[in-house]
Amino acid sequence: MVPLPGLTPEKYKVLCFRLVNKNPRTQNSVEESKSFFMMTDVRFTYNDLQENFEDLGNKDHDDMSDKYDIENEEKEEEDDLSSLANGEIHIVDIANYTLRHLASMSLMVMRTYMNYLQEAYPVRLKAMHIINCPTHLNHMVAITKPFIREEVFNMIHFHIQGFETLYEHVPRNMLPMDYGGKAKSLADITTQWWEIVNKNRAYIMNPKFWKVHKTEEVRSRWSWWKNRAYIMNPKFWKVHKTEEVRSRWSWW
């Protein structure tokens, strides 16, 4: 996954996804998801209006953990939305995806990834374009559709033949040359972005940016386990003999 430079005329950011590893035996869906999360975390620290990646790469973040102040940053940019895109478009190249890739993917990882993308991803998803669709596309859709909400599925466009229909939604000058565009190759863009991620290593590794406040309790389906001592204590569930327990057959 890499963000492409520039914005569409509608002021949308474009992200491109492509599977590089063609061998399903060496696929690691957990590491792939971690890479996606790291890339997006770093990407959100930059201005969406940035036109090129050279300036991003030269930005000094080596000592970001000491310079970055969360509270001051929130106060300064609380009302400043001018640097944000109006939405986001995803281009997903599934040319190298096979049914064996999907079979080797963890369903738990897929569910977590899709929940994040649909519930917590801090952007307005406007469209998703699936390109280089293989002959087994129907089988892939049948496997993944249960994890996709209906309103999100309705945003998906399948481009069966060529990229001409894709150019109707995404400017050709934004697309990498791999897809007939005028931008750099996807490999070069990916290399540039991973250099940016490496320069932000201190930011990614600093726990103060990812800590959940203890005062805000997050309840889960396992939160009842904290009260197991109360649940397992029989004195709270004992029926007193002096109190007659009536049933629907007590009148008999």
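**Sheet, rings and buried side chains**

Modeller: A place to begin is lysine 13, whose bridge partner in strand 3 is glutamate 88. The model is a predicted one, and the chain holds 12 helices and 5 strands.

Biologist: In what order do the 5 strands form the open sheet?
Modeller: The sheet is open and its pairing is mixed. Its edge strands, which each pair on one side only, are strand 1 (2–3) and strand 5 (156–158).

Biologist: In which sense do strand 1 and strand 2 run?
Modeller: Strands of a sheet pair through backbone hydrogen bonds, either parallel or antiparallel. Strand 1 is joined to strand 2 by 2 bridges, and valine 2 stands opposite cysteine 16 in strand 2. The two strands run antiparallel.

Biologist: Over how many bridges do strand 2 and strand 3 pair?
Modeller: Strand 3 covers residues 87–93 and pairs with strand 2 in the parallel sense. Besides the partners lysine 13 and glutamate 88, valine 14 has isoleucine 89 as its bridge partner in strand 3. The number of bridges between strand 2 and strand 3 is 7.

Biologist: Which residue in strand 4 is the bridge partner of valine 92?
Modeller: Strand 3 and strand 4 pair in the parallel sense over 6 bridges. Strand 4 also pairs with strand 5, again in the parallel sense, over 3 bridges, and there methionine 128 stands opposite isoleucine 156. For valine 92, the partner in strand 4 is isoleucine 130.

Biologist: Is tyrosine 179 buried or exposed?
Modeller: Tyrosine 179 lies in the loop between helix 9 (164–167) and helix 10 (186–199). Leaving aside neighbours within four places in sequence, its contacts include Cys16, Arg18, Asp93, Ile131 and Asn132, and its C-alpha atom is separated by 9.5 Å from that of isoleucine 131, which is 48 residues away along the chain. Since its relative accessible area is 2%, tyrosine 179 is buried.

Biologist: With the side chain of which residue does glutamine 27 make a polar contact?
Modeller: Glutamine 27 is placed in the loop between strand 2 (12–18) and helix 1, and with a relative accessible area of 12% glutamine 27 is buried. Not counting residues up to four places away in sequence, glutamine 27 touches Asn21, Glu32, His101, Ser104 and Met105. The polar contact, at 2.8 Å, joins the side chain of glutamine 27 to that of serine 104.

Biologist: What kind of aromatic pair do phenylalanine 36 and tyrosine 116 form?
Modeller: A pair of aromatic rings is described by the distance of the centres and the angle of the planes. The count for the model comes to 11 aromatic pairs. In the pair of phenylalanine 36 and tyrosine 116 the centres are 6.3 Å apart and the planes are at 80 degrees, and since planes over 60 degrees apart fall in that class, the pair is edge-to-face.

Biologist: How many residues apart are phenylalanine 36 and tyrosine 116?
Modeller: Phenylalanine 36, which counts as buried at 5% relative accessibility, also belongs to a cluster in which ring pairs link Phe17, Phe36, Phe37, Phe44, Tyr113, Tyr116 and Tyr121. Phenylalanine 36 is in helix 1 (residues 29–43) and tyrosine 116 in helix 6 (residues 107–120), and the pair links distant parts of the chain, with a separation of 80 residues.

Key
Residues are numbered from 1 along each chain as its sequence is written. This is a predicted model: local features need pLDDT of at least 70, side-chain atom pairs count only at pLDDT 80 or more; totals for chains, interfaces and linings use all residues. Side-chain values use heavy atoms; hydrogens and water are left out. Rings of Phe, Tyr and Trp (its six-membered ring) pair if their centres lie within 6.5 Å; planes under 30 degrees apart count as stacked, over 60 as edge-to-face and the rest as tilted. Helices (H or I, at least four residues) and strands (E, at least two) are DSSP runs, numbered from the N terminus. Buried means under 20% relative accessible area, exposed over 50%, partly exposed in between (1.4 Å probe, protein chains only). Contact means heavy atoms within 4.5 Å. A polar contact is a pair of N or O atoms within 3.5 Å; within protein, one must be able to donate a hydrogen and the other to accept it, and residues adjacent in sequence count only if both atoms are side-chain atoms. Two strands pair if DSSP finds at least two bridges between them.
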